[in-house]
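Please look over the following model with its charged side chains in mind.

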Amino acid sequence: MINNPPLPNKVNLLGLDLAAMRQLFESIGEKPFRAQQVLKWIHEVGVLDFEHMTNLSKDLREKLSQIAEIKPPAVLSEKCAGDDTRKWIIQLNDGNCVEAVFIPASNRGTLCISSQVGCILNCDFCSTGKQGFSRNLTSAEIIGQLWIAVRALSQKQGLHDHAITNVVMMGMGEPMLNYENVLPALNLMRSDFAYGLSKYRVTVSTAGVIPGIEALSAASDVALAISLHAPNNALRDKLVPLNKKYPLEELIATCKDYFKNEPRRSIVMEYVMLDGVNDHIEHAKQLVKLLRDISVKINLIPFNPFPHTTYQRSTDATIDEFQRILSKAGYITTVRRTRGDDIDAACGQLVGQVQDRTRRQERYLKARLSESENLS
Ligand code: SAH
């Protein structure tokens, strides 16, 4: 009996952006324009089988099936909330799960997707952080959430595949600590051969990983959101422990630089409203001072509770007063309406199913933070 050498792993084309796909075709002696054709089949049409790619020759289809595959993650469950918010629990091939949420509104449909299984940052008010951390998502697993949601929504009555107009990376994980896999996924969201979303409609949210912000602003034109949550270092150190590494004065300076190359950019500052913690009038005044000279919008997020948290949501009256002070100082300030909380799909309620967590967490955080220094 002849023992064939083991076949190398097939490359999953789902996670390749245009540049990577071109490279792949060149490496097998094919014309680079094939990359556009294949991207369209995968992301526009939703084809997973090379046999259906009818504008490729039979030989090329055969060749591709030898070396490559198109493999989205699996949908474990789909839930729909009373307000039509939808949540998918997505199972990865190692058994871990992440969550993606679709939030429809009258003039848009926003998909919130995850970048990591769990999160290492351990922000005090976020349930994802309390679940520990397992691993980074691959770019196929990141874009796979959009691929799945587009297909799922197009099957629903009355919805079509343009139901998703915006994508926000505000699900589980810290996108900037998985920069190398997040970037190709962002490129696919923006690409005319894939999802074709405008730069204003793709948003990356970060707790403030400065080297990541710098690298992203050089490599992509997508919108940026910063999870600020506190107007001074003492409070932010407690709420967002990453602040000890990247304190406010450095974060604000980085935000100012962010506008240098592209003045039309804007940043959204996210601020979770925690009763009696960060919602005093004094905090609003400090915030006004901290953000002067940068063109930011402020998004107040009423805290969404989860089991065992000691925090509570600020009262509506407090949120209104906080908003009034910021608006009066000239900042466009919105309050994020809580959506999908009856299916645990609201901000900070996404927990997925994180396996093999916590012990690796600390070591990993250290390694990634020092690695991320080299990004920019
Ligand atoms: N790591 C990234 C993205 C994930 S969090 C970041 O920190 O930005 C997405 C947003 O939801 C952040 O602004 C986060 O602070 C907020 N959030 C987390 N937990 C929350 C909760 N329990 N209630 C309301 N908002 C929360």
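Which side chain meets Glu 321 in a salt bridge? In this predicted model, the partner of Glu 321 is Arg 324, with 3.1 Å from N to O. Both residues belong to helix α11 (residues 316-328), and because they are 3 residues apart there, about one helical turn separates them. Glu 321 is partly exposed, at a relative accessible area of 28%, and Arg 324 is also partly exposed, at 44%.

Side chains of opposite charge can pair when their charged atoms come close. The structure holds 12 salt bridges in total. One of them is between Arg 61 and Glu 51, at 3.7 Å from N to O. Arg 61 is buried, because its relative accessible area of 12% is under the 20% cut-off. Glu 51, by contrast, is partly exposed, with a relative accessible area of 43%.

A further salt bridge pairs Lys 238 with Asp 124, and their closest N and O atoms are 3.1 Å apart. This pair links distant parts of the chain, 114 residues apart: Lys 238 is in helix α8 (residues 233-239), and Asp 124 is in the loop between β7 (116-118) and α4 (127-130). Asp 124 has a relative accessible area of 24% and is partly exposed.

Terms used:
Residues numbered from 1 in each chain as written. Predicted model: local features only at pLDDT ≥ 70, side-chain atom pairs only at ≥ 80, totals over all residues. Heavy atoms only, no water. Salt bridge = Lys/Arg side-chain N within 4 Å of Asp/Glu carboxyl O. Buried < 20%, exposed > 50% of the residue type's maximum accessible area, 1.4 Å probe, protein only. Helix = DSSP H or I, 4+ residues; strand = E, 2+ residues; numbered from the N terminus.
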